[in-house]
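Visitor: I am new to this structure and would be grateful for a guided introduction. May we proceed by question and answer?

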Amino acid sequence: MAREKIHVGLEIGTTKVCAVVAECHRDGEMRILGVGESPSRGVRKGEIVDFKNATQCVHDALADAEDRSDHEIKGVWLAISGSHIKSFNNRSSVTLPEESTITAKEIESVEFKAKEAGIPKEDVIIHSVIQRYYVDGQEGVIDPHGMMGTKLDADFHIIHGVTNRIQNAIRCVREFDIDVEDIVVNSVASAQVVLDEQQKQAGAVLIDIGGGVTDYIVYKDGAVCHSGVIAIGGDHITNDLCIGLRIPIARAEKLKIEEGSAITENISASDRITLKNDTGFSGRDIDRLMLNMIIKSRLEELFGILRKRIQEIVPEHLLGAGILLTGGCSLLRGIREAAESVFPGTPVYLAHAQSVSGPMSAFENPQLSTCIGAAKYAQAVHAEMPDESILDRVKGFFRGRF
Amino acid sequence: MITYPRWLDRGTGKEPVLRLLGIGNAGVNIADRIAIRASLPLETVALNSDQQSLNASVASRKTALGPMTTHGLGAGGDPEMALEAARESMSELRQSVEGADVVFLCAGLGGGTGSATTPQLAELARANGSLVIAVVTTPFQFEGRRRSQQAQEAMQGIARHADAIVHFENDRMAEITAPRTEAEETFAACDNILFQSVASLTRLISCPGPMAVAVPDLLGVLRSGGGAFLFGSGEADGGNRAHEALEQALRSPLLDRGRLLHDAKKVLVHLSGPRSLTFAEVAAIMQQISKNTAPSSLLHLGVSVARDDSAPLIVTLIGHCGTAAQVEAAAPIPAAEPVRATPPTLFAEEAIQSTPPPSTHAEPKTAAPKVKQENLPLEPIARGRFEKVEPTIVEGEDLDVPTFLRRKLKK
C-alpha cells in the first residue's frame with residue numbers, strides 16, 4: 001500500500017454534484033488536492049430521477065476534479081442520501097461456552113445477529129455502527145476483544161435503504177468505468193469531518209441541510225444513537241418563495257441567496273426589495289417581511305420535525321455540544337436563530353469540515369462537508385479494516401438474488 | 001363423487017345459506033371481525049371450548065364445546081382434551097352445520113380446539129352436502145415444532161373432507177407489514193387479509209356477474225396444489241385505473257410482488273368495475289397478468305359490472321403455488337357439473353361494488369378497507385416544482401406544500 005493514499009469522495013446532490021480528491025496520510029491527516037463541481041440536473045430530493053442527465057453531471061464533476069487535482073480517478077466513495085434511508089437501534093447477544101475469551105469470531109457473530117433484524121425485503125443494510133458492548137451485563141465496554149465472559153451483548157445502530165435506489169446512484173458512476181469502492185450515508189460522512197471526538201462524547205446533533213434533503217445524525221457518549229433523512233431542503237424554500245411571491249423559480253433561488261433571511265424581527269412593513277426586470281420577467285417589488293416570513297416558517301417547521309424525532313431518542317440536556325448546522329442551506333442568513341428558537345437552550349453552531357488541510361475555500365465551505373466526509377470515511381475504513389467493504393455485501397446481496 | 005347442492009342452480013330462486021364457523025380462539029376472532037365489519041350474507045357461528053372468548057364474541061350464534069370436559073376453560077392447546085370436548089358436543093357440531101349450503105371453517109391451527117374440531121366439522125358439513133371451504137392459519141415458526149406438527153395433522157384431517165383449503169402461514173403474513181411496525185398493527189393486518197379473503201370468497205360465491213367464474217374453477221384454483229395461497233387485490237379510480245389497480249394487486253405481500261404468480265399453475269382473475277369499464281382495460285390487465293404468469297398457466301377470468309357508475313375498478317387475483325402436490329383425499333370435482341357461475345372476488349371491496357347486478361343479493365355496501373394513498377386529499381394544493389416527485393409526507397402532512405400555505409400565515 002502506498003504511503004499516501006488518495007481517496008475520492010463523491011456526492012450526487014440535488015443542487016450540485018461534487019467530488020473531492022484528498023490525500024490521506026497514515027497518521028490520520030488529510031489534505032484536499034482538488035474539488036470538482038458541476039451543477040446538478042436530474043436529481044430531486046437527493047435521488048436520481050433522470051439517469052442520463054445525472055450521469056452527465058457526475059462525469060463533469062469528476063472531470064473537473066481530475067483537472068484540479070491532477071489525479072486520475074479510478075474509484076470513488078459515494079455518499080448516498082434520500083428519504084428511503086432509515087435507521088434503528090438493535091441489540092443482539094451471543095452466549096459463549098464456559099468462561100472463554102471473546103475473540104473476533106464472537107464479535108463478528110454478534111454483529112451478524114444484530115443485522116438479522118427485520119428490514120423490509122427490498123432494503124439493504126448500509127451501515128451497522130457499534131454503539132456499545134456489554135460483557136456479562138457489564139456496561140460501557142469499548143472493545144471486548146480478549147475479555148473473559150459468558151455473554152456478549154451489543155447495541156448497534158443500523159442504517160438501511162432501498163437497494164434499487166442505491167444501486168441507481170452507483171450505476172451512475174459506473175457508467176464511466178469508475179469503481180465505487182464503497183457507499184456511505186450522507187450524515188455519517190459529514191459527521192466524520194464536522195464533529196470531533198469530544199463533541200461526539202458530549203452529545204451532538206449534526207444537521208446537514210442540502211438542496212433536496214436534510215440529513216441528520218445524533219451522537220451520544222461517543223456513539224451514533226440516531227440518524228435519518230427528511231426530504232426537505234433548500235429547494236423547498238425556493239419553491240415556497242416561487243409560489244408565495246409568484247416569481248419564477250430561477251428568480252426565487254437568486255432572491256433566496258441574495259436577500260433571504262429567516263429573521264423577521266426589526267423589519268419595517270415598508271421595506272421592499274426591487275427585482276429588476278429580466279428577460280421574460282417584468283420587475284417587481286417584494287415585501288421583505290413576507291420573504292423572510294416564508295423562509296422562517298419553512299425552517300421552523302423543519303427544525304420542529306427534527307426536534308420531535310431527536311427528543312424521542314435523546315433528551316436535549318444531554319446534547320452537551322449542541323447542534324451543528326452544515327450543508328449548503330446553512331449559509332442562509334438567520335438559520336442559526338431559527339434553529340435556536342426551536343431548540344431553546346441548546347447552543348447552535350454553523351459548522352464545516354475540520355481537521356483537514358488544503359485550500360481554505362474547500363474545507364470552509366459547508367456545502368462540501370459531506371463530500372470531504374466521504375473521503376475521510378474512506379480513510380477511516382482503510383485504517384481499520386482494509387478488506388471488508390459494504391459494497392461487497394451489496395454485491396453479494398445481488399448475486400444471491402439473481 | 002360430490003354433487004353440488006341445488007342452490008347452485010340459479011333456477012330455484014332460493015338464496016344460498018352461507019355460514020361461517022369460527023372455531024377456537026383464533027377462529028372466533030375472525031368470525032367476530034367478519035360479523036362486525038361486513039354486512040355479508042353470512043351467518044356467523046362461534047364455536048369454542050373457552051367460555052370467556054364466547055362471551056366476548058359478537059357472532060350471531062355461539063356454541064360452547066365440551067362444557068363438561070373443559071369446564072368452559074378452553075382446551076389449553078391440548079388436542080386430546082379438545083377431541084374429548086368435540087366428542088361430547090357432537091350433536092351441537094352437527095347442528096351448527098345443518099342447513100348451510102356453503103360452510104366456511106375459520107380456525108387457527110396448532111392449538112387445541114381449532115385443530116381438533118375443524119376436521120370433524122369439515123366431515124359433518126361434507127356429509128350434509130355443503131360446500132366446505134376451510135380458511136386456516138398455521139402457527140409462527142417461533143411457536144415451536146410441536147404446534148406446527150399439530151397444525152400439520154389437523155390440515156391433513158381437514159383436507160380429507162373440505163372442498164378447498166385457503167391456507168395462510170402466519171410467518172408469511174407477518175411480512176405484510178414492515179418489520180418495524182408495532183406488533184398490534186401486524187396482527188391487525190394479518191386479520192385483515194383473512195377477513196378480506198373470506199369476504200371476497202363469499203361474494204364470489206353468492207354474487208354472479210356477467211362473465212362469471214364457475215365454482216369448479218374456483219375450487220380448481222384453490223386446490224391445485226399444497227403450496228402457498230396467493231391472494232392479491234387492488235382498486236383504483238380515474239384515468240389510469242386499470243394499471244393502478246393491477247399494480248396494487250400485484251404488490252400484495254402474499255404474491256411476493258407478483259413474483260409468486262410465475263409459479264402458479266392456475267390463476268383466477270376477477271375484475272369488477274363501473275359500466276364505463278372498457279374492453280381495452282380488461283384486455284390490458286389480462287395482458288399484463290399473463291406477463292406475470294408462466295406461459296403454461298391457466299388463467300380464469302371473471303368480470304362483473306357494478307350498476308354504480310362511481311364504483312372503482314377492482315382487480316383480484318387468486319392462485320395457488322407450490323409443488324407439494326398434496327392431492328387431497330377430497331373427491332375430484334366433476335367437470336360436468338353445471339355449477340352456478342360465480343365471479344371470484346377476492347377483495348372485500350371489490351366484490352361489493354361489482355356485484356350489484358346479480359339476483360336478489362343486494363350486497364350491502366361494506367365499509368371495505370380503502371387502499372388509497374394517503375397523499376391524495378392534499379392534491380389540490382400547490383406543490384410547485386415537486387409536482388411530479390415522490391411527496392415528502394411526515395405525520396400525514398405533505399411537506400412539499402409551502403409551510404406558510406399550510407399554516408395559513410399568508411396575510
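This is a predicted model: local features need pLDDT of at least 70, side-chain atom pairs count only at pLDDT 80 or more; totals for chains, interfaces and linings use all residues.

Visitor: Which strands of the open sheet in chain A stand at the edges?

Guide: Five strands of chain A form this open sheet, with mixed pairing, in the order S14-S13-S12-S17-S18. An edge strand has a single partner strand, so one side of it is left without a neighbour in the sheet. The strands in that position are S14 (223–230) and S18 (348–350) of chain A.

Visitor: Which residue in S18(A) is the bridge partner of A:Leu324?

Guide: Strand S17 (residues 322–326) of chain A pairs with S18(A) in the parallel sense, over three bridges. Within S18(A), the bridge partner of A:Leu324 is A:Tyr349.

Visitor: How is H4(B) oriented relative to H5(B): roughly parallel or roughly perpendicular?

Guide: Helix H4 (residues 79–88) and helix H5 (residues 90–97) of chain B pack with their axes 4 Å apart, at an angle of about 70°. Angles of 65 to 115 degrees count as roughly perpendicular. Therefore H4(B) stands to H5(B) as roughly perpendicular.

Visitor: How many residues has the largest nonpolar core?

Guide: Among the residues with the most contacts inside this core are A:Leu10 and A:Ile372. A:Leu10 touches, among others, A:Val17, A:Trp77 and A:Cys371. Apart from this core lies another of 44 residues, including A:Ile209 and B:Val394. The number of residues in the largest nonpolar core is 68.

Definitions and conventions
Residues are numbered from 1 along each chain as its sequence is written. Chains are lettered from A and ligands numbered from 1 in the order in which they are written. Side-chain values use heavy atoms; hydrogens and water are left out. A nonpolar core is a set of buried Ala, Val, Leu, Ile, Met, Phe, Trp, Tyr and Cys residues joined through side-chain atoms within 4.5 Å. Buried means under 20% relative accessible area, exposed over 50%, partly exposed in between (1.4 Å probe, protein chains only). Contact means heavy atoms within 4.5 Å. Axes are lines fitted to C-alpha atoms, for helices over the stretch in contact, and angles run from 0 to 180 degrees between N-to-C directions. Helices (H or I, at least four residues) and strands (E, at least two) are DSSP runs, numbered from the N terminus. Angles under 35 degrees count as roughly parallel, over 145 as roughly antiparallel, 65 to 115 as roughly perpendicular and the rest as oblique. Two strands pair if DSSP finds at least two bridges between them. Lists of a residue's contacts leave out its neighbours within four places in sequence.
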